[in-house]
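Me: I am new to this structure. Please take a close look at one part for me: the charged side chains and what surrounds them.

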Amino acid sequence: MNRIDTRFADLRAAGRTGLIPFVTAGDPSADGITALMHALVAAGADLIELGVPFSDPMADGPVIQHASERAVARGVGIALILEQVAAFRQRDTTTPVVLMGYLNPIEIYGWTRFAGEAAAAGVDGVLLVDCPVEEAQSAEAVTAAGLHQIFLVAPTTTDRRLAAVTARAHGFLYLVSFAGVTGANRLDTTAIAQRAAAIRRDSDIPIAVGFGVRDADSAVAIAGCADAVIIGSALVERLAGSTDAGDAAARAQAFLAPIRAALDAARGAPR
């Protein structure tokens, strides 16, 4: 069973809302990815999204764009990221890891090579922002290797496309909270709840809400309608000024732990 499925089943059984931090692999340091992943888990992460740095990210706001630029400048690519995930798996065999990025780096790396090496390293899923469901067959090597392909659902996604997405979706749906790029502060909890309810009428796949989640208050605000909350830009922003890997780990724990506690308090389910 894919670790993503196991984790969401455990969360549902416990009545807990999942916490999914996003960090850009290679920022704030190229050799601290593994240590940062362990720090995220220690702070309460239920699943980790690792951003694959890319020079032309279309869905990311300035914070994550700059993180990608710094990581690219450090020479961080897929091979190094997979090495770091494999190192993470030496101590953590249960926390799911999803690589989030764009088609271009994988197209260059090669689908078959990527899928096989990612599965061997311990990756559990892949979310490709610019891969529409109609082109999902391009990623057949990913699913053949046992990885889940995660899809985005936006406020502008039509009912017809939503049906196509849920028909192919595995793991969870990434529900984008508003039409825009990451990092903006305009969370509309009413609209998110309505969208989540519409998805649940036709599918029981877990829903993780991202974009606009910046702190404990915003995470708790959407916890009632989501299986998990995804927090990226606010975390990446706090890591940007880290002096070393230890400082980055400390910043990550200081930022995430209160959010984990607030989510558990809101659902009455302590970790």
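Reply:
**Charged side chains and their surroundings**

Asp264 is buried, and so is Arg16. Buried means under 20% relative accessible area, exposed over 50%, and partly exposed in between, with a 1.4 Å probe and protein chains only. The model is predicted: local features need pLDDT of at least 70, side-chain atom pairs count only at pLDDT 80 or more, and totals for chains, interfaces and linings use all residues. Residues are numbered from 1 along each chain as its sequence is written, and side-chain values use heavy atoms, with hydrogens and water left out.

Start with the pairing itself. Side chains of opposite charge can pair when their charged atoms come close. A salt bridge here is a side-chain nitrogen of Lys or Arg within 4 Å of a carboxyl oxygen of Asp or Glu. The whole structure holds 14 salt bridges. Asp264 and Arg16 make one of them, with their closest N and O atoms 3.4 Å apart. This pair ties distant parts of the chain together: Asp264 sits in helix α12 (residues 245-267), Arg16 in the loop between α1 (3-14) and β1 (18-24), 248 residues apart. Helices (H or I, at least four residues) and strands (E, at least two) are DSSP runs, numbered from the N terminus.

Helix α12 also carries Arg260. Its side chain meets that of Asp46 in a salt bridge, 2.6 Å from N to O. Again distant parts are linked: Arg260 is in α12, Asp46 in the loop between α2 (33-42) and β2, and 214 residues separate them. Arg260 and Asp46 are both buried.

Now a third pair. Asp124 bridges to Arg89, with 2.9 Å between the closest N and O atoms. Asp124 lies in the loop between α6 (111-121) and β4 (125-128), Arg89 in helix α4 (residues 78-89), 35 residues apart. Asp124 counts as buried because its relative accessible area is 4%. Arg89 is buried too, because its relative accessibility is 11%. Salt bridges with shared partners join Arg3, Arg89, Asp92 and Asp124 into one network.

Next, the strands. A closed barrel of 8 strands runs β1-β2-β3-β4-β5-β6-β7-β8, with parallel pairing. From one strand to the next, the twist averages 25°. Axes are lines fitted to C-alpha atoms (for helices, over the stretch in contact), and angles run from 0 to 180 degrees between N-to-C directions. Two strands pair if DSSP finds at least two bridges between them. Strand β3 (residues 97-101) and β4 run parallel, joined by 4 bridges. Met100 has Leu127 in β4 as its bridge partner.

Glu49 counts as buried because its relative accessible area is 0%. Its contacts (heavy atoms within 4.5 Å) include Met100, Leu127, Phe172 and Ile230, leaving out residues up to four places away in sequence. The unreviewed UniProt entry places the feature "active site" at Glu49 and Asp60. Such positions follow the numbering used here, feature names are shortened, and annotations may be inferred rather than shown by experiment.

Last, the nonpolar surroundings. A nonpolar core is a set of buried Ala, Val, Leu, Ile, Met, Phe, Trp, Tyr and Cys residues joined through side-chain atoms within 4.5 Å. The largest has 71 residues, of which Leu50, Phe114, Leu256 and Ile259 touch the most other members. Helix α12 supplies the largest share of this core, 6 residues. A separate core of 23 residues includes Phe172 and Ile230.
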